[in-house]
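Trainee: Please take me through one part of this model in detail, and then show me how that part sits in the whole.

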Amino acid sequence: PPVLDVAAIRADFPILARQVHGKPLVYLDNAATSQTPRQVIAAFDDYYSRLNANIHRGLHTLADEATAAFEGTRETVRGFLNAGASREIIFTRGTTEAINLVANSWGRANLRPGDEVLISRLEHHSNIVPWQLLAQEIGFTIKVIPVDERGVLDQAAYRALFTERTRLVAVNHVSNAFGTVNPVREMASIAHQHGALILVDGAQATPHQRVDVHDIDADFYAFSGHKVYGPTGVGVLYGKAALLEAMPPWQGGGEMIRTVSFEAGTTFAEIPHKFEAGTPAIAEVVALGKALEWISGVGLDAIGAWEARLLAHATARVSRIDGLRILGTAPDKAGVLSFVVDGAHAQDIGLLIDQLGVAIRTGHHCAQPLLAQFGLDATCRASFAAYNTFEEIDVFAEALQRVIDMVR
Ligand code: PMP
């Protein structure tokens, strides 16, 4: 299997050199936000030092060069997802905005009272709430794809949920709360057999594995910059060209029009610009391109293999802790370790372990329906990235044991 030069990777991340409460930082909250390599940080300096201008309409050199950098990134994203055409790539503020775009444009135009949308119980709130808001307005029905005690979607139940009214399946590729990798390719095929579309939330898959939207046959695929070693404030919606072309605009404004007239009405730009109203986060988009180039340079196969080893090591280490229960035991898991401990509240563990320099996440991970099924309102979650090491996992496991001994 491919191997990572972790020391060289760590040298790309200035933040990993800092201390927290006088201890070396051990950053294990990567599923919330990954850290940023200097190549991405440098992209901001370069953009504002050399290129800064508004894009698309300018005739001057800076506007031209900024436009080229922005549109060049669209091509980088196309390659990253193996999409067919760069006009199928729409820049958004993140996964959340990408899903809201689909709900408000495709959903509002296509969903009728009595229609059905299937949403998995593993979803992040961002792939639940936009659909609930729209359902209240339109009167379609949301049906929930159940998960078993391992955190695996029940595929037989999934098949059984389809009726002639099923229009859309909304599912994540990888669960942020438990790390479950969902068989989205098979789920897409089943959705299509029933004449339904599938929207895949790829926020947690894109950092860890190669994604091929063509192979999955996803109708829509969304991800966020800040989870793929890129900046906050930028994300991507991939959509099949034919679908995007047929969809009405969502937000209106500059950039997304062809002509505007009070008398004759307004006509709209072609995709992708139809869905990019207003000045976008230009520097962030360009920096996202650098992040994807950084990932490709390291190699997602190598990253995924390394994180699988980290996960196995972490799982073995914490399993020795008395009264600790791991949530999410799917056979196919990404680098996420969710757990609860008898007699120690997640919040207390998170606060105390921070005192020892270790950053993990505690809470409901924006997945309350999933946690509710397990009778929980919070778990602790350690999540891994390319720059994490076995030594850091050992520091984490020892710190966790100390913290548990303190609170019990
Ligand atoms: N979906 C999943 C699976 C996520 O993990 C997240 C971020 N925690 C989101 C959606 C939302 O992403 P963002 O906040 O970047 O829009």
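Mentor: What follows is a close look at helix 10 and its packing partners, and then at the rest of the chain.

This is a predicted model, in which local features need pLDDT of at least 70 and side-chain atom pairs count only at pLDDT 80 or more, while totals for chains, interfaces and linings use all residues. Residues are numbered from 1 along each chain as its sequence is written.

Helix 10 covers residues 282-298 and packs against helix 3, residues 61-81 (helices, H or I with at least four residues, and strands, E with at least two, are DSSP runs numbered from the N terminus). The crossing is left-handed (the near helix is turned anticlockwise from the far one by less than a right angle; clockwise would be right-handed). On the helix 3 side, the residues in contact are Ala66, Ala69, Phe70, Gly72, Thr73, Thr76, Val77 and Phe80 (two residues are in contact if their C-beta atoms, placed from the backbone, lie within 7 Å). Helix 10 answers with Ile282, Val285, Val286, Leu288, Gly289, Leu292 and Glu293. By class, this contact has 10 nonpolar, 4 polar and 1 charged residues (Ala, Val, Leu, Ile, Met, Phe, Trp, Tyr, Cys and Pro count as nonpolar, Asp, Glu, Lys and Arg as charged, and the others, Gly among them, as polar).

Helix 2, residues 38-51, also meets helix 10, with axes that come within 8 Å and cross at roughly 145°. This crossing is right-handed. Gln39, Val40, Ala43, Phe44, Tyr47 and Tyr48 of helix 2 touch Ala283, Val286, Ala287, Lys290, Ala291 and Trp294 of helix 10. The contact is made up of 10 nonpolar, 1 polar and 1 charged residues.

Between strand 12 (267-268) and helix 10 runs a loop that holds Pro272. The peptide bond from Ile271 to Pro272 is cis, with omega about 5°. Asp217 is not a glycine, yet its phi is positive, near 65°. Most residues other than glycine have a negative phi, and most peptide bonds are trans.

As for the whole, the chain is divided into domain 1 (6-29 + 299-407) and domain 2 (41-297) (the bounds come from an automatic or database domain assignment). The domain centres, taken over C-alpha atoms, are 28 Å apart. Each domain puts 22 residues into the contact. On the domain 1 side, helix 11 (300-319), strand 14 (336-341) and helix 13 (368-373) each supply at least two residues. Helix 11 gives the largest share, 5 residues. That side divides into 11 nonpolar, 7 polar and 4 charged residues.

Finally, the ligand is surrounded by 14 residues, the closest being Gly94, Thr96, His124, Asn176 and Ser224 (near here puts the C-beta atom, placed from the backbone, within 6 Å). This shell has 3 nonpolar, 10 polar and 1 charged residues.

Definitions and conventions. Axes fitted to C-alpha atoms, helices over the stretch in contact; angles between N-to-C directions.
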